[in-house]
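Please consult the sequence and the structure shown below while reading.

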Amino acid sequence: MTALPSSGTTYAWVVERPAPIASGPLRRVEREIPGPGPYDLLLGVRACGVCRTDLHLAEGDLPPRLPRCTPGHEIVGDVLAAGPSADGYAPGDRVGAAWLAGTCGRCRWCRAGRENLCPESRYTGWDVHGGFAGHAVVDARYVYRLPEDLPDEDAAPLLCAGIIGYRALERAELPPGGRLGVYGFGASAHLTAQLAASRGAEVHVVTRSAEAQRLALELGAASAGPDSPPRLLDSAILFAPVGTLVPKALEALDRGGTLAIAGIHLTGTPPLDYERHLFQERTVRSVTANTRADGRAFLAEAARLRPTVRAVRYPMRQADRALADLASGGVTGVAVLVPP
């Protein structure tokens, strides 16, 4: 269990002003340790995954919502204190906090079980401070219990890269034993490919990185290369935030195939040709955040599968370097920040 420092302060990285990562938009600061609200948990951060969404926030691809926000939404932490309405949690419990930080619970989307579309949804590391810090406050209603024998640095990436990949795979509607194309092979893709393969899929990976190609083959992909897959696909997931890949992925689909676009940000897409890209009932679908049901379902499946997590560890004091390496393509797998 992480102890509260006697000074009552903690360190945290904040986005001082969104800008290209090379210009240093992140700054390390000291701030008061916040007390938990009625439904909240105060966590001592044990590990925090580094997601491309954190990079989008730091660079301004996603507009700031909280001034000087602390990024990080793949948090593994110990409960240090619990609010009076945070039922079921006690100091010393290890939990995971993910991207979805809160919803209204009242709108038609929430009532229909589609809380990821709630207009009042809030997100960790965007609307509330995240886990690039020594401590974090999270809503107990939106955290997940973690298997005791799962190491912190393996658990952290599951909380976004894994969960979002799971939802993207569901949205791609891959038929049993079907052929899946995976475009880009970073944090989420290397977990999702394993999940699809465990379900009997034939996985084909498209990535320019030779190191990522080797990793994909090690993890069971049928093919991995920089060009189109060798066979037509039943489904595809676009993880790379590159809009020019959309028509290429659609061309690689067989009749009736589905392309799911997994990212929260995508560069501009070129015009689509109806006959080449969409005819014969090809479908394009976006993926927007996740529901708590997605998180619980994925973590249960991951507990059985135990996917290989290719984690690259960085000390928490090097959060800015981790984001810079992610931006330059220097991370194969997933970067994870760990405290001293």
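## R167 and its surroundings

Two residues are said to be in contact when heavy atoms of theirs lie within 4.5 Å. The model discussed here is a predicted one. With neighbours within four places in sequence left aside, R167 is in contact with N116, V287, T288, A289, N290, T291 and D294.

R167 belongs to helix α3, which spans residues 152-171. Is R167 buried or exposed? Its relative accessibility is 16%, and a residue counts as buried under 20%, so R167 is classed as buried. D320 lies 153 residues away from R167 along the chain, and the C-alpha atoms of R167 and D320 are separated by 29 Å.

## Helix α3 against helix α4

Helix α3 packs against helix α4 (residues 187-198) at an angle of about 55°, and the two axes are 8 Å apart. This angle makes α3 oblique to α4. The crossing of the two helices, α3 and α4, is right-handed.

On the side of α3, the contact is made by P157, L158, A161, G162, I164, G165, Y166 and L169. On the side of α4, the residues are A187, S188, L191, T192, L195 and A196. Sorted by class, the contact of α3 with α4 holds 10 nonpolar residues, four polar residues and no charged residues.

## Helix α3 against helix α8

Helix α3 also packs against helix α8 (residues 292-305). Here the angle is about 100° and the axes are 9 Å apart, which means that α3 is roughly perpendicular to α8.

The contact involves L158, L159, G162, I163, Y166 and R167 of α3. From α8 come D294, G295, A297, F298, L299, E301 and A302. The residues of the contact of α3 with α8 divide into eight nonpolar, two polar and three charged.

Which residues are buried in helix α9 (residues 319-327)? They are A319, A322, L323, D325 and L326. Seen down the axis of α9, these buried residues fall within an arc of 160°, so they line one face of the helix. The buried residues of α9 pack against the strands β1 (9-15), β2 (26-32), β3 (40-50), β16 (311-315) and β17 (334-338), and against helix α1 (52-59). After α9 comes G329, with a positive phi near 80°.

In helix α5 (residues 210-218), the residues A212, Q213, L215 and A216 are buried. They cover an arc of only 165° around the axis, and therefore lie on the same side of α5. Among the elements that cover the buried residues of α5 are α4, β11 (202-206) and β12 (223-225). G220 follows α5 and has a positive phi, near 105°.

## The covered helix α1

Helix α1 is mostly covered, as six of its eight residues are buried. These buried residues are T53, D54, L55, H56, L57 and A58. They pack against β1, β2, β3 and α9. G60 follows α1, and its phi is positive, near 90°.

Most residues other than glycine have a negative phi. What is the phi of E173, which is not a glycine? It is positive, at about 50°. E173 is found in the loop between α3 and β10 (179-183). With a relative accessible area of 52%, E173 is exposed, because the exposed class begins over 50%.

E281 is another residue other than glycine with a positive phi, in this case near 60°. E281 lies in the loop between α7 (274-278) and β15 (283-286). Its relative accessible area is 69%, and E281 is therefore exposed.

Technical notes
Residues are numbered from 1 along each chain as its sequence is written. This is a predicted model: local features need pLDDT of at least 70, side-chain atom pairs count only at pLDDT 80 or more; totals for chains, interfaces and linings use all residues. Side-chain values use heavy atoms; hydrogens and water are left out. Buried means under 20% relative accessible area, exposed over 50%, partly exposed in between (1.4 Å probe, protein chains only). Helices (H or I, at least four residues) and strands (E, at least two) are DSSP runs, numbered from the N terminus. The arc is that of the directions from the helix axis to the C-beta atoms. Axes are lines fitted to C-alpha atoms, for helices over the stretch in contact, and angles run from 0 to 180 degrees between N-to-C directions. Angles under 35 degrees count as roughly parallel, over 145 as roughly antiparallel, 65 to 115 as roughly perpendicular and the rest as oblique. A crossing is left-handed if the near helix is turned anticlockwise from the far one by less than a right angle, and right-handed if clockwise. Ala, Val, Leu, Ile, Met, Phe, Trp, Tyr, Cys and Pro count as nonpolar, Asp, Glu, Lys and Arg as charged, and the others, Gly among them, as polar.
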